[in-house]
Structures are given as C-alpha cells and as structure tokens.
Amino acid sequence: MIILIDLDGTLVNTASEAFKPMKDGKIDTDPNIILPFNGAIEFVKKLVELGHTPIVVSDSVGKYVNPVVNKYFGVPAISMAYKPNPKVTEEYLLSKGLDLSKREEIIIIGDTWLDIELGRTFGFRTILTQFYKANPSSENQQDGIGKTWNHLKSGPTYVARTFEEVIKILTNPLESLWAAEAIMKGVKTSNAIRLFDASYDGEYKIFRALGRQEDGECDRYGIASTYKEFHREDRSTDNLKKLAECFENYVKSIQAISPGLKWDYFTYVSDKASTTPPNKLKVLFDLIELGLPKDKILAWKDVVDGSIRNRPHYKERRDFIRQNLFVSTEFDLSGRSIIIIDDQFTTGGTAHEVADMLKQRGAKHILFITMFFMTSLVMSRKSCPKCGKPMKIQMRKSDGNKFYSCTPPQYRGTGCGHIENYG
Ligand SMILES: [Zn+2]
C-alpha cells in the first residue's frame, strides 16, 4: 500500500512556534534539533518491512523537509504540498505512475483536518493521529469548536492514538472501521467515534457516534446513503436490524471494558409527531435489546416551534432543544445512569442539552450515542466543465443519489448551476 504520511505533528514533535522559521525556510534547518515522536522511526521501518511504500507529504519547504526526512526516515518526501489542495500530491503520485483510481491502495495519515480533507478529495481512506493528547474534544467543552474538533469533524476513516494502533488498522482494515460502517460490510466491530468525554466527580458524560454521514466526497465506507435511507418511508428493515445490532455490540463492549459502570435506563430522543417516517427513531429503539428498562424519558412539548434542521449553529440548536424538549416527571432519575440514542450528531447541541437536562434531574452517568456523525463538506477535485469552478458533491433528498453541483448563488454558491451525475 502507498502510505502518505504527514511530517509535523505526526512523525516529528514540532508543534512549538520555535520551529516555524525552519519550516518556512526563513532559516536553515538543523535536523539534529528536530525530534521524532517516540516510536516514529521504528514505525516507518515497520511499514517498509510490511511491504508498504511510505511517502512523507508536508506543507513545509523542501530545505526543511528533506534533511529531516533523510536523517530519520530515509523515504521519499513531497514538500510544499499546500494541503488540502490535491494538485501537488496528485502530480507527484501520477509522476510515479500510480493509478489514483485504486483507492484502496493508498491511505493518508496525519494529525489535522488538512490531511483528512486531502484524503477525502481523492476518496482515499484516512487515519487521524492523536499523539499529543488522549481526549479529542477536551479543548473546548463549551461549544465543540475546539481545534481538535475540526480535525474530527472532517471525518477520518480511522483515528489512532499510537503508532501501534496505526499498524493494527493497516493490518485489519475492515475490523477497524466504525461499528455502523463495518456492519454494512458484514463485519462486526465495536469502534465508535469519540466525540466527547468528560468526567465530573467520577460522573461520566460520554458522546459517541457509530458511523460517518459524509457531506461531499469520502472513502467508500461512509454511510450517508444509509442515513438517507433511514429517513425514507420505504427504508429496509434489514438495515434497521443491522444498525440495532451494531448499537448493541458497542454498548456490550463498553460494559465489558467498564464493568463498574452500571446503566439503569435506555431511552431515545423522541420523534416529533410530524416526523417522517412516523416513529423514525422509535422503530430502531424498539429493535435494540440491552437488557435495560426501555422508557420514553424525553418528549417534545405539544407545540414545537419550527425545526432543528433550520438551525445550523450549536447555540441555536441548544436553545431549540431547551425550549421544546422536556424530561418526563414520571421517572426518578436521581443517581440513575442513562444511555440515550439519537440518529444524528451534527454540532453536539442536542447531546449537550439533553445531557444537562438529565443531569439537572439528578442523573449520574450519561452515554449519548448517535448512529450517524455528520462530517464537514469537502470540495471536489472536479471542476465545472462550463465555468471552471470547483464542484461540490451533494445528495438528492428524494433518492439518496449523489451528484456534482456547480452551486449557484441562490443556494449560497458562486457557481453557474451546472449539475452532473456522480460515480
Ligand atoms: Zn459552473
């Protein structure tokens, strides 16, 4: 496999501003003062031993990248890549005679959204590395707009916290997929996207998603089509059963890792009366058996003012939930630990608000799990044949099929309105 690896923050520990003049080529680079992460040198060696072709892809200048890569890793390197713009990387790969349509043969590894978006524009799989810190969303618990959140929001195929985990992913690619994506390929896993983790006085608040509902281009494992189907009247029971099964598998894995965490209730973010298909989430909720009491703890007020879909921002979504959803007074939640299912995680507004509402009623641990995680939109590599502007990939609501769009101003784009079939 061709393995495109980012340099700074992925192989070498150069987050400090002090290295910037070298990376920018303003001063000469002394490779002796650049330190690889523990295990980075062995990791690159191991890739070669396993028969892979590692290539470093960096935005820094050649007079920094080349001496550092030569000293520690001894593999080819692309410098001034201008990620996530694919042009420089594409030209390099084509000059080596590589077939970019063989998407499974190439993978991108890096620690930022730039690496992940570069991968997505090609349709390659991506591994987001988090070698600096253990908790992806700890930087900004208030609004979910922390830097690491952006990296996760771009929708990596995988996330790895150590070099060993990267090797494990490369060796077992299907078994490393997110649970809901794996089960659509016939594989059972209990991997979830770690969207938020917090612990207050030993009480946990944990948010997870089981698959990516990608906006724009993606590797072939994203399940936007499953998400779209979930909203259709004619959705298949077979897929609902698969979603139920991977949800059960994930919760069982949590119970296996943390037997001390005892759960008391399983509930769902209630469907509104106007939801189509009717009982959209409840039908899935009913299929899931966790061996816990299943109750409708959350309900909408009789008159719901508008829809959350028209509120793209975190704060607006939280306000909407607070004003319109309530916790039933039928239940004594004091000291109770609750698992909640919802269909989609976008900004985290619903998860945070629901968790806080349950906490205010005395709840202990909160595990909020969504089936789908909406990733950010990535521009396409394809230019419009009429006006030359980059095109977006969008999905038709009626049938879930994707198409290229040169989005015109009436849909907040700058394009000419040309559309073309995708794939
Ligand atoms: Zn156009």
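Gly74, which lies just after helix α3, adopts a positive phi of about 60°. This and the other features described here come from a predicted model.

Helix α3 itself spans residues 62-72 and contains the buried residues Tyr64, Val65, Val68 and Val69. These four are on the same side of α3, because the arc that they cover around the axis is only 105°. Such a pattern follows from helix geometry: with 3.6 residues a turn, residues of an α-helix that are three or four places apart point the same way. The packing partners of the buried α3 residues are α1 (20-23), β2 (53-57) and β3 (77-78).

Strands β2 and β3 also belong to an open sheet of six strands, in which the pairing is parallel and the order is β3-β2-β1-β4-β5-β6. The edges of the sheet are formed by β3 and β6 (158-160); each has a single partner strand, so one side of each is left without a neighbour in the sheet. Within the sheet, strand β1 (residues 2-5) runs parallel to strand β4 (residues 106-110), and four bridges join the two. Across this pair, Ile3 is placed opposite Ile107 of β4.

At the level of the whole chain, the domain assignment lists domain 1 (1-173), domain 2 (192-377) and domain 3 (379-421). A distance of 30 Å separates the C-alpha centres of domain 1 and domain 3.

Definitions and conventions
Residues numbered from 1 in each chain as written. Predicted model: local features only at pLDDT ≥ 70, side-chain atom pairs only at ≥ 80, totals over all residues. Buried ≥ 20, exposed ≤ 12 C-beta atoms within 10 Å, placed from the backbone. Arc of directions from axis to C-beta. Contact = placed C-beta atoms within 7 Å. Domains from an automatic or database assignment. Pairing = 2+ DSSP bridges.
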